[in-house]
Number of protein chains: 2
Amino acid sequence: MTRLSVKELEDLSRDILLRHGFSVDHAQAVTDTIVAGQRDECHSHGLYRLLGIIETLKAGKVIPDAKPGIVDQAPSIVKVDARGGFSQLAFDAGLPILVQKTRDNGIAALAINHCVHFSALWVEIEQITDAGLVALAFTPSQAGVAPEGGHKPVFGTNPIAFGWPRAGKDPFVFDFATSVIARGDIELHRRAGKEIPPGWGVDINGQPSTDPGAVLEGAMRTFGGHKGSALAAMVELVAGPLIGDLTSVESLAWDDGTKSLPHHGELVIALDPRRFLGPAADQHLARAETLFDNIQAQGARLPSQRRYAARKRSLENGVEISEALYSDLQKLLVQVV
Amino acid sequence: MTRLSVKELEDLSRDILLRHGFSVDHAQAVTDTIVAGQRDECHSHGLYRLLGIIETLKAGKVIPDAKPGIVDQAPSIVKVDARGGFSQLAFDAGLPILVQKTRDNGIAALAINHCVHFSALWVEIEQITDAGLVALAFTPSQAGVAPEGGHKPVFGTNPIAFGWPRAGKDPFVFDFATSVIARGDIELHRRAGKEIPPGWGVDINGQPSTDPGAVLEGAMRTFGGHKGSALAAMVELVAGPLIGDLTSVESLAWDDGTKSLPHHGELVIALDPRRFLGPAADQHLARAETLFDNIQAQGARLPSQRRYAARKRSLENGVEISEALYSDLQKLLVQVV
C-alpha cells in the first residue's frame, strides 16, 4: 500500500486531470469529490474513479472544459445545464442559488442537466446540510436493473440521498442505490471468480442466477421487492422526464457501448427548517436529536457513521491506496490521450 | 356479504359520522376518504375504519368539529393546523393553496399539523396528480417499528407516497409503509391464530419471532434492511420536527394507551412539470410513458393497477362488505357516545 496525505491526494488528482486537458475549474471541482470519496474510504468514489474519468474522456463522452449555463427557471427552481461536462461544476454553480431560493421560499429545487455523473450524492448533500438545510437528491444512471416482476433492465442503480443538518455534529446523511447492490460489487465478484448471493439478479432469460457475468448481461434486482422497484421508478421520473433529461434506458443508449460514466440529469430538493418553523426551529430540531438518541441508545447505527470515522482517520493520518492503483495513476500523469 | 352501491356506502358513512357529532364538513371529508378506500378495495381504509374513528372519538382523541387554520408560512410553504380534527378537512383547506404555490414557484410544500390521521396517502396524492402535478407525501404514525440493528420501537409504519400525472390515464401512484408489513396484517394473523413469517419482527427481548402477539408487544422491522430503516428515519424527520409536529414515539405517548388513530403531522411536496419544462413539457412527459411501457411490456406491473381495476368494478357494481361489519355499522347508526 502507498500512503498519501490528503494534500498529496488532492495534488495527484488535480495534476492528472489538468494533464489530460480538463479546465482548471473542472479539475478542481472533480478533485474535491475524489478527495472526499477517498478520505471517507468510499474507495469506488475515490482515486480509483480517475481511471474511469480518463476512459470517458478518451471515448469522447465528457467535455473537459464545458462551461455550465444557469437558468433561473422559476422562483423555486434553478436549472444548470452542464453542457456535457462533469456534474460537479454545474452543482457548484447552482448551489448558492438553490440555497438562496430555499431560504427565500422555504423549499426549492436544483435540476442539473446534460451532465456526466460519478459523484456519490452525499458529497453534494453535505454541502446543503452545511448551509443548515434539509436535502434530497435523485439521479438515474444506465439501465441494468429490472423492475420487480420483470427481468429486463429499465432502471439504473438510481440512488436516493437525504441529509438533515445537526448543529455541531456530522449531519444525518444516507445515500443508497435502489438496486439490491452496487453494480461494482457484482463486477468485483466476477473478477474474483466468486458467485454472487441469490437474489441479486437474473440472467438474460430472466432466470435467477448466482453467476456475476450472467447477471451483468441480464439484470440486477431492486432492493426491497416492489417497494424498491417503485422508488427506482420514481427516481427515473423526477430526475429524468420531470427535468427534461434522460432515463436510464436512454442514457445507456447514449453511451453506445463505450462503458463511459453515465450522462444524464439530477434533481436536488432543499427545505429550510427555519422557514418551516420560524422562531420555534431550535426547539423542534432538538426533538430530532432525541430521535437519533433513541436509535443509537439501542445499539443501532445512524447512516454514514463509518464514513465520518474514516474521514477523521484520513485527515489525521492520510489515506492508503494499493500499489497497483498508485502505479496506474502515475502512468496517467505521463500518458496523455 | 352485503352489497352496497357507492352512493349507499357514502350515505352510510356520512350518516354515522353526523349521528356521532361530527360537523357536516368533517363528515363529508372523512366520508370521501372512506368511500375511496372501500371503492378501491383497500378494505383497511374503507368502512372498517368507521369503527376506529368512533373509538377515537369516544377516547377524546379527535375533535369532531375542529376548524382548520391556514398559515401562509412562506412563498412556497402553506401550513394548515388541523387543531385536533381529522386530517382530511385540513388537507382540503390546504390543497388549493398548495396547487397555486406550486404553479407559481415550481415546487411547494403543504404541512398539516396536529391532525388525527387514518387516510391512505394515495387518496391525497391523486388529488394533486389530478391537478397535473407530481406529488410526494410522508407521515409518521405511532412507534412500533425498530431501526435496523436495534429492537425497540422508534418508527411508525411511516408511509411514503408518490404520484405522477398521466394525461388521459390513471396516474402512476405508489403508497407503501416503510415497515416490512402493515401493523394490521400482524393483527389479522393474531386473530386468526396464525404464525407470521420470519423477518417481520422481534419480541420484547429483541429476539426474532413468528408469534404475532409477541411482535406486537416487541417491534416490527423495516422493509429492505438498513435502506428501509433510513427511509423510515427520513419520514420521522421531515414530517415530524421539520414541520413542528410529533415523532412516532411522541405520538404513541400522546395516545396514552387508548389505541386511538394517530395524532401527528404530514408533509406533502408538489412539483409542477410545466414549470420545470416550459413548452417542452409534453415531449418529456411522453418519455415517461415510454418508461411505463418498458416496465409493462415485460409483464411487470405498475403500482396501483389492482386498485384502479377494483375502482372500475365498484363504480359499476357497488361494493361488498361482510355481514358482521355491516351489522356493526348499523349499530353505530343508533348508538351514540
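Let's start with one pair: Glu250(A) and Arg287(B) form a salt bridge, and their closest N and O atoms are 2.5 Å apart. Keep in mind that this is a predicted model.

Which helix of chain B gives the most to the side that touches chain A? Helix α8, residues 225-238, with nine residues. By class, that side of chain B has 41 nonpolar, 18 polar and ten charged residues.

Now the interface as a whole. On chain B, 69 residues are in contact with chain A, and on chain A, 69 residues are in contact with chain B. The area buried between the two is about 5500 Å². Carbon and sulfur atoms give 74% of that. Three residues to look at: Leu242(B), Phe276(B) and Gln298(B). Together they supply 14% of the area that chain B buries against chain A, more than any other three residues.

Back to salt bridges, now over the whole structure. All chains together hold 36. One of them joins the side chains of Asp40(A) and Arg311(A), at 2.8 Å from N to O. Where do these two lie? Asp40(A) is in the loop between α2 (24-39) and α3 (49-58) of chain A, and Arg311(A) is in helix α12, residues 305-317, so the pair ties together parts that are 271 residues apart in sequence.

Next, helix packing inside chain B. Two cases.

Case one is α1(B), residues 6-19, against α3(B), residues 49-58. The angle is about 10 degrees, with the axes 11 Å apart. The two helices are therefore roughly parallel to each other. From α1(B) come Ser13(B), Ile16(B) and Leu17(B); they meet Leu50(B), Ile53(B) and Ile54(B) in α3(B). By class, this contact has five nonpolar residues, one polar and no charged.

Case two is α2(B), residues 24-39, with α4(B), residues 87-105. Here the axes come within 8 Å and cross at roughly 95 degrees. That makes α2(B) roughly perpendicular to α4(B). On the α2(B) side we have Asp25(B), His26(B), Ala29(B), Val30(B) and Thr33(B). They meet Gln88(B), Leu89(B) and Asp92(B) in α4(B). The residues of this contact divide into three nonpolar, three polar and two charged.

To recap: α1(B) and α3(B) are roughly parallel, while α2(B) and α4(B) are roughly perpendicular.

Notes. Residues are numbered from 1 along each chain as its sequence is written. Chains are lettered from A and ligands numbered from 1 in the order in which they are written. This is a predicted model: local features need pLDDT of at least 70, side-chain atom pairs count only at pLDDT 80 or more; totals for chains, interfaces and linings use all residues. Side-chain values use heavy atoms; hydrogens and water are left out. Contact means heavy atoms within 4.5 Å. Buried area is the accessible area (1.4 Å probe) that two parts lose on being put together, summed over both. A salt bridge is a side-chain nitrogen of Lys or Arg within 4 Å of a carboxyl oxygen of Asp or Glu. Helices (H or I, at least four residues) and strands (E, at least two) are DSSP runs, numbered from the N terminus. Ala, Val, Leu, Ile, Met, Phe, Trp, Tyr, Cys and Pro count as nonpolar, Asp, Glu, Lys and Arg as charged, and the others, Gly among them, as polar. Axes are lines fitted to C-alpha atoms, for helices over the stretch in contact, and angles run from 0 to 180 degrees between N-to-C directions. Angles under 35 degrees count as roughly parallel, over 145 as roughly antiparallel, 65 to 115 as roughly perpendicular and the rest as oblique.
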